[in-house]
Amino acid sequence: MRHASHGKASSEVLRNVKTYGARHCAAHSAAHRVSRKAHGSHSSRAFAQSHSSAVQLIPALASGTSLNLSQIELAVTTRLNQMSPVTRRSFREAARRKTRKSQMMAGTALAALFGTAATAMVVLGPNEQTLVAHASQTSSSQTIAGSAKGTSQEDVSRSESRAALNKEAVSTNGGAGSWSMSDDTVDVSQLSRSKAQNSTVANLMDADASAVPAGFNADHATGDSGNAYEFSQCTWWAYTRRHQLGLPVGSHFGNAYQWAASARALGYWVDNTPRHVGDIIVFGQGQEDSSSAYGHVAIVEKINADGSIVTSESGEVMAGKTYSRTLTNVNNFQYIHY
């Protein structure tokens, strides 16, 4: 009976071993498939450890130790569960390493690009950089022009196919209209060059461009605060007529013979040549039968072809009326222009 019991126990052990072997083979196959999907050294080592632990159960079975199948399945399942976290962690770490490597390579390439640009800016001066840019554009233009050669007329650029314009009539829109270039030029002498605030003075200055004194200020002080001269005096008429012609004049130039000096002091242009209608003629004391005490003033109304002038004048005895005369010795007097 003892021998039979022993044989029975041995038979049970063998059946357990066979059963374990079948289950172990199935577990081994499953673990192997997991390890092939893991693609990591950690997964391989974890599978080896589970395989070793499972193999260590065989001596226990052989020695007659009572082990049931649930214990065997628990051991194998525990080792398999230990493999999964390692495998997922290895996946995450591998992904992080790949991301860091890509970022490092991109940063290195960007730094190299900026370094090259900075080196070129330091080595080349501003003028040389401009020359390099122009050379690049010229090269591109030459390439385009070269590629156009040998092609049809439709493929040639406008700059190559367009004929130069000439002074002949050019037809547009199939003859619907035409235009032609002319030799007409602009007379710059007709353009106002003066910046005087008084438009009348500006026009006169344009006409006198070659004679205006250097540094003359057309916007000098006029000294005008209204007609302060006694009615019907020669000074009263000179002030009134100048305003009628749009020309400046002072209100306190003094006695008639003093007008030239007073005007010159304010910046007026004064000389001995009659130039325009409206110039003030200043007679010295007693000159041309003028007052020996006060002198006389008159207005130029016309400059004749022979150089003589026609005046307009007034005086105390005229009661506000005027008279005129023609003077030929024109350079004997002073003239206030503007």
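The following exercises, with worked solutions, concern the predicted model shown above.

Residues are numbered from 1 along each chain as its sequence is written. In this predicted model, local features need pLDDT of at least 70, side-chain atom pairs count only at pLDDT 80 or more, and totals for chains, interfaces and linings use all residues, while side-chain values use heavy atoms, with hydrogens and water left out.

**Exercise 1. State how many helices and strands the chain has, and what share of its residues is buried.**

Solution. Helices (H or I, at least four residues) and strands (E, at least two) are DSSP runs, numbered from the N terminus. On this basis the chain has 9 helices and 8 strands. Next, a residue is buried under 20% relative accessible area, exposed over 50%, and partly exposed in between (1.4 Å probe, protein chains only). Of the 338 residues in the chain, 27% are buried.

**Exercise 2. Describe helix H7 and the setting of Ala218.**

Solution. Begin with H7, residues 199–207, where Val201, Ala202, Leu204, Met205 and Asp206 are buried. At the start of H7, the backbone nitrogen of Thr200 has a side-chain oxygen of Asn198 within 2.9 Å. Then locate Ala218, which lies in the loop between H7 and helix H8 (234–244). Ala218 counts as buried because its relative accessibility is 18%. Contact means heavy atoms within 4.5 Å. Neighbours within four places in sequence aside, Ala218 contacts Ala196, Val201 and Met205. Val201 and Met205 are themselves among the buried residues of H7.

**Exercise 3. Determine which residues of helix H9 are buried and what covers them.**

Solution. In H9 (residues 259–266), the buried residues include Trp259, Ala260 and Ala263. Seen down the helix axis, the buried residues of H9 fall within an arc of 95° (taken from the directions from the axis to the C-beta atoms), so they line one face of the helix. Ala261 and Ala265 are exposed on the face turned away from that buried side. The cover over the buried residues includes H8 and the strands E3 (270–271), E4 (280–283), E5 (296–303) and E8 (334–336). Just after H9, Gly267 adopts a positive phi of about 110°.

**Exercise 4. Is His276 buried or exposed, and which residues does it touch?**

Solution. His276 is placed in the loop between E3 and E4. With 13% relative accessibility, His276 counts as buried. Not counting residues up to four places away in sequence, His276 touches Leu204, Ala207, Asp208, Val300, Ile303 and Tyr338.

Conventions: Polar contact = N/O pair within 3.5 Å; in protein donor to acceptor, adjacent residues only side chain to side chain.
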